[in-house]
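Here is a report on a two-chain model. It is predicted, not experimental. Please look it over alongside the text.

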Amino acid sequence: MNTLSLALRNLLRNRRRSVATLSAMMLGGISVLLFGGYVQNIIDGLQTGYVRAGGHLQLQHRDYLLYGSGDPTAYGIADYGRVIAIIEHDPVLAPLLTVVTPTLEFGGIAGNFAAGVSRTVFASGVVIADQNRMQEWNDYGFLGSPETLALTGTAPDAAVIGTGVARILRLCGPLHVADCPQPAAAAVAEGRPMPQDVALLAAVDTAPEDSAARADTGAGPPPHLELLAATTGGAPNVARLSVVKAESLGVKEADDAFIGLHLPEAQRLIYGRARPQVTAIALQLHHTSQIPLARQRLAELFKTSLRDDPLAAHDFGTLNPYYGQTVGMFDAIFGFIAVLIGAIVLFTVGNTMNAAVVERTVEIGTLRAIGLRRAGIRRLFVCEGLLLGLCGSLLGVGGALLLAALVNHSGLTWTPPGRITPVHLNVRVWGELSMLGGTAAGLTAVAVCSAWWPARRAAKLEVVEALRHV
Amino acid sequence: MDPLIIRHVDKTYPLGKFPVPALRDITVTIRPNCFTVLSGASGSGKTTLLNLIGCIDRPDAGEIEVAGRAVAALSDDALADFRLRHIGFIFQNFNLLPVLDAYENVEYPLVLTRTPAAQRRRRVGELLDAVGLSQHARHRPGQLSGGQRQRVAIARALATGPLLVLADEPTANLDSGTGAAIIELIRAVQQTFAATVVFSSHDPQVLAQADDAIVLKDGRILSVARRAS
């Protein structure tokens with residue numbers, strides 16, 4: 001019979017109190033873990049969205065992030081084909097990669113001249129097949145099949161716009177956009193014909209094969225818009241795009257400004273007949289944890305085979321500051337809740353141990369009289385706190401796993417921020433070893449700490465006083 | 001060597017704002033392997049003296065020498081170790097650990113001295129036999145009568161083979177028949193295990209069994225009667 005065994009028996013002596021203490025710890029553990037699992041799901045979902053849209057890493061001109069969005073021609077990647085080939089054939093990077101794809105992003109003015117309206121937009125030219133492969137990334141096992149881009153199988157001059165763009169450019173009707181408010185009739189501007197110069201530019205830029213491709217779809221003619229952008233030399237250029245769909249991106253600012261189009265069309269608009277460039281090369285990895293290794297290798301390549309290209313690699317967190325802000329915010333909330341729960345556990349266990357010391361004062365005197373040192377008494381009560389902590393943590397972890405499984409199989413859905421469609425309510429507790437271990441260790445540590453003070457008090461009792469206690 | 005020598009010991013307790021002398025200039029020697037009784041009226045200082053002898057309290061003045069060692073200078077931990085190896089306690093209220101059964105209660109001091117398991121088993125068996133509780137080894141204190149509990153306490157007090165066994169009115173909470181049986185038992189095991197036993201009691205039954213009787217009054221020794229050995 002050692003200290004641990006004696007401590008366990010002492011805990012079992014007053015079962016009702018021990019059960020009440022364990023219940024408080026278990027509830028605390030469950031609360032922390034369920035909230036942590038819910039937060040983890042949000043963060044994983046957010047990360048999955050960013051990685052599917054833009055990859056884990058993007059290679060850009062090293063000054064593009066600061067200055068390039070206003071001047072894609074000056075801060076583009078000219079020889080991007082060679083850069084992609086080097087990356088795809090690199091023995092270190094190749095096994096890490098799922099997709100390497102170029103993108104061209106630029107600002108412009110989209111106009112629906114028939115309605116006499118225009119607005120500034122943010123356009124993104126992408127390789128559709130690559131983007132569809134990027135959508136398949138699902139390292140966190142989210143339910144549902146990957147989404148396919150609306151531009152899939154469309155003509156080279158096809159474009160997808162945000163629902164806000166459709167609303168502003170009066171394209172909701174032709175695009176069958178639901179819940180799209182229309183301006184009062186008096187406010188509708190009388191459309192004027194497209195200016196002659198713009199019409200000419202658009203006519204020059206429209207490739208003859210576009211019409212054939214559009215005819216292949218067999219559908220009625222989609223609505224058009226004109227996208228005006230500055231070319232390499234600073235001259236304006238216009239692309240006439242057929243809008244195949246208006247879709248919501250979940251954020252009003254993006255909805256009101258987004259235009260997605262095929263990369264070649266975007267390049268033709270910006271670079272004309274000059275050598276086409278891209279503004280970024282997106283690298284999607286098998287796992288987010290591979291980012292440091294990939295970055296390290298890219299840094300080596302920047303000094304060797306890519307030394308002539310002024311490139312920099314940015315991860316999705318740098319490119320999307322909202323991700324870091326969200327993670328930081330949830331970390332702070334999680335920490336706050338954990339501290340609150342910890343304080344409750346601290347006082348609950350402390351109260352239990354204090355009551356035990358008072359009840360067992362004579363026993364403490366007896367043990368000391370028999371020959372147990374003060375440290376032995378302290379160890380006994382700390383052991384009881386440790387056992388309470390371990391049992392409470394185990395119950396908390398078990399309860400959280402069970403409840404999380406119930407929630408995850410209940411079919412509940414919710415619509416996270418930045419999304420337009422509801423997703424399964426998923427609480428990620430299972431497999432989150434660091435969170436489970438951290439919570440269990442934290443609860444146990446709090447229980448031990450709260451037992452420390454009563455244990456110290458018990459150890460300091462004078463033998464004679466303790467034996468006299470009534 | 002005398003197991004216990006007390007020289008000019010004083011002890012005062014504060015009672016509110018006023019100090020109350022509990023022992024005054026106590027000087028006495030306890031003979032080895034004897035059954036010594038501290039007697040006196042309630043408040044005479046029996047328990048205080050027993051606490052000082054048992055090294056669970058410290059005198060304000062004077063010296064106490066147990067087994068040839070002056071205990072006043074010992075540190076708290078050293079005193080605990082000293083008690084563990086040299087002093088056994090039998091309490092008025094038995095003071096058994098309720099979560100341990102009879103066997104484990106007797107074994108506990110041996111666990112503290114890190115006695116090997118086989119040796120512990122042998123010793124505990126021997127002691128439980130001596131107090132007649134072999135059949136109740138696995139009973140917890142709550143499942144034992146008052147007399148049986150005190151027998152377990154006696155066995156526990158003898159577990160480490162102490163030089164001194166101290167008993168503070170061990171029959172006070174027992175009926176007279178059981179009390180007499182316990183006194184007889186203590187007397188028997190004292191002789192069997194060659195221990196020096198010091199009792200505090202004002203029970204005439206106990207006094208009748210004593211080898212030496214020390215009578216206290218108002219914190220002073222009134223008389224010391226020693227039976228010729």
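## Helix α3 of chain B

Helix α3(B) is followed by Arg114(B), and the phi of Arg114(B) is positive, near 60°. The helix itself covers residues 102–112. Of its 11 residues, 10 are buried, so α3(B) is largely enclosed by the rest of the structure.

The buried set runs from Ala102(B), Tyr103(B), Glu104(B), Asn105(B) and Val106(B) to Glu107(B), Tyr108(B), Pro109(B), Leu110(B) and Leu112(B). What covers these residues? Both chains contribute: the cover includes α15 of chain A, and α2 (76–86), α4 (117–130) and α5 (146–158) of chain B.

In total, 17 residues of chain A are in contact with 22 residues of chain B. The largest share comes from α15(A), with 6 residues.

By class, the side of chain A that touches chain B has 8 nonpolar residues, 6 charged and 3 polar.

## The sheet of chain B

Chain B holds an open sheet of 4 strands. Their order is β2-β1-β4-β5, and the pairing is antiparallel. Which strands stand at the edges? They are β2 (18–30) and β5 (69–70) of chain B. Each has a single partner strand, so one side of each is left without a neighbour in the sheet.

Strand β1(B), residues 4–15, pairs with β2(B) over 9 bridges, in the antiparallel sense. Within this pairing, Val9(B) has Ile26(B) as its bridge partner.

Strand β4(B), residues 61–66, in turn runs antiparallel to β5(B), and 2 bridges join them. Glu65(B) of chain B faces Ala70(B), which is in β5(B).

## The build of chain A

Chain A contains 18 helices and 11 strands. Is it compact or spread out? Its radius of gyration is 32 Å, well over the 23 Å that the globule rule gives for 470 residues, so chain A is more spread out than a compact globule. Along its principal axes, the C-alpha trace spans about 105 × 60 × 35 Å.

Buried residues make up 39% of the 470 residues in chain A. Among contacts of chain A with a separation of 6 or more, 81% come from residues 24 or more positions apart.

## Domains of chain A

The domain assignment gives chain A two entries. Domain 1 takes in residues 2–46 + 324–467, and domain 2 takes in 63–309. How many Å separate their centres? Taken over C-alpha atoms, the centres of domain 1 and domain 2 of chain A are 52 Å apart.

Methods:
Residues are numbered from 1 along each chain as its sequence is written. Chains are lettered from A and ligands numbered from 1 in the order in which they are written. This is a predicted model: local features need pLDDT of at least 70, side-chain atom pairs count only at pLDDT 80 or more; totals for chains, interfaces and linings use all residues. Two residues are in contact if their C-beta atoms, placed from the backbone, lie within 7 Å. Ala, Val, Leu, Ile, Met, Phe, Trp, Tyr, Cys and Pro count as nonpolar, Asp, Glu, Lys and Arg as charged, and the others, Gly among them, as polar. Domain bounds come from an automatic or database domain assignment. Two strands pair if DSSP finds at least two bridges between them. A residue is buried if 20 or more other C-beta atoms lie within 10 Å of its own, exposed if 12 or fewer, and partly exposed in between; C-beta atoms are placed from the backbone. The radius of gyration is taken over C-alpha atoms; the globule rule is 2.2 Å times the number of residues to the power 0.38.
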